[in-house]
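Open the model in your viewer and keep the sequence panel beside it. This tour goes from one selection to the next.

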Amino acid sequence: MALDDEFRKQGEWLFRWRSFLPAIFIPLIAIALSQMKMEHVDKWTYIWDYSCLGVSFLGLLFRVVTVGFVPKQTSGRNTKQQVAAQVNTTGIYSIVRHPLYVGNFLIGLGVSLVQAVWWLPVIYSLAFWIYYERIMFAEEAFLRQKFGETYRRWAATTPAFLPRFSQWRKPSLPFSWVNVLRREYSGLMLLILCHAGQEFCERLILDHRVVWQ
C-alpha cells in the first residue's frame, strides 16, 4: 500500500476514535502525581496552576470562535465519516486550516503542564503530532477530492496548524451561541474535570485529606 493511502487509512480510523485520545494520558498523569516532591503550596504554585488553566481556556476559546461562526454540516463532532457541506475560508479559517485541533492541542497542553514535569508535555506533544497528523491528512484528502481547486487555492495560502494572524478575514456569518452551547459544553466539562481532578489528587497526596479552596 502506498504511503499516502496508508496515512489516509490510519487517519480515517483515528478520526473515528479521536475523542478517546485524552484517556491515553490518564496513566501518565498518575505517574507524574506519584513523583510529586512538593511539600507545601505557595503563591508560585497557584500562579503556575492558573497559568496552565489559562492555556487550556485559550484552547477552548479557539474552539468557541471556530464553532460560533461556522455554517451547518461543517467543523462538527461527527465520528463515523467526514462531513463538509462547504469549505470554510473566513474567520478563524482564514488564518489556519485546522483551528479545532489547535484548540484541542492547547487544552491538552494546559492539562499536561500542571504537574511541572518536563516529560509529560513532551510526550503529549509528540503523541498529538503523530495522532492528529494522520487525521488531518485524511480530512484534507477528503476535502481535496470533494471541492477540488477551491480547496487547493485556500490551502495553498493558509497554514495547517500555526495560525497566520495577518491573514484574518471577517467571518461571513454572525456568531451563534446556540452552536457553541450545543457543541462545546462537553469540552468545557472535560477541561474543568481534568484540572480540578489533578488539584484534588494533589491535595489528597500532600495533605492526606480533601481540601477545598
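**First stop: a tryptophan in a loop**

Select Trp-118. Trp-118 sits in the loop between helix H4 (99-113) and H5. This is a predicted model. Is Trp-118 buried or exposed? Trp-118 counts as exposed, because its relative accessibility is 66% and the cut-off for exposed is over 50%.

Trp-118 and Ala-32 are 10.0 Å apart in space, yet 86 residues apart in sequence.

Pick out Trp-129. Trp-129 belongs to helix H5 (residues 119-147). Trp-129 is exposed too, because its relative accessible area of 53% is over 50%.

**Inside: the cores**

Hide the surface and select Tyr-101, Tyr-132 and Tyr-151. What do they share? In the largest nonpolar core, which has 28 residues, these three touch the most other members. Colour the elements that supply this core with two or more residues each: helix H3 (43-69), H4, H5 and helix H6 (149-157). Which of them gives the most? H5 does, with nine residues.

Next, select Ala-32, Leu-33, Val-117 and Leu-120. They are among the seven residues of a second, separate core. Ala-32 is the residue from the distance step, 10.0 Å from Trp-118, C-alpha to C-alpha.

**The whole chain**

Zoom out and switch to cartoon. The protein chain has seven helices and zero strands. Along the sequence, the pattern reads α-α-α-α-α-α-α.

Of the 213 residues, 43% count as buried. Look at the contacts between residues at least 6 apart in sequence: 83% of them join residues at least 24 apart. Show the surface again. The accessible surface of the chain comes to about 12800 Å², and carbon and sulfur atoms account for 66% of that.

**Last stop: confidence**

Colour by pLDDT. The chain averages 83, and 79% of the residues score at least 70.

How values were computed:
Residues are numbered from 1 along each chain as its sequence is written. This is a predicted model: local features need pLDDT of at least 70, side-chain atom pairs count only at pLDDT 80 or more; totals for chains, interfaces and linings use all residues. Side-chain values use heavy atoms; hydrogens and water are left out. Helices (H or I, at least four residues) and strands (E, at least two) are DSSP runs, numbered from the N terminus. Buried means under 20% relative accessible area, exposed over 50%, partly exposed in between (1.4 Å probe, protein chains only). Contact means heavy atoms within 4.5 Å. Accessible areas come from the Shrake-Rupley method with a 1.4 Å probe; for residues, only the protein chains shown count as cover. pLDDT is the predictor's confidence in each residue, from 0 to 100. A nonpolar core is a set of buried Ala, Val, Leu, Ile, Met, Phe, Trp, Tyr and Cys residues joined through side-chain atoms within 4.5 Å.
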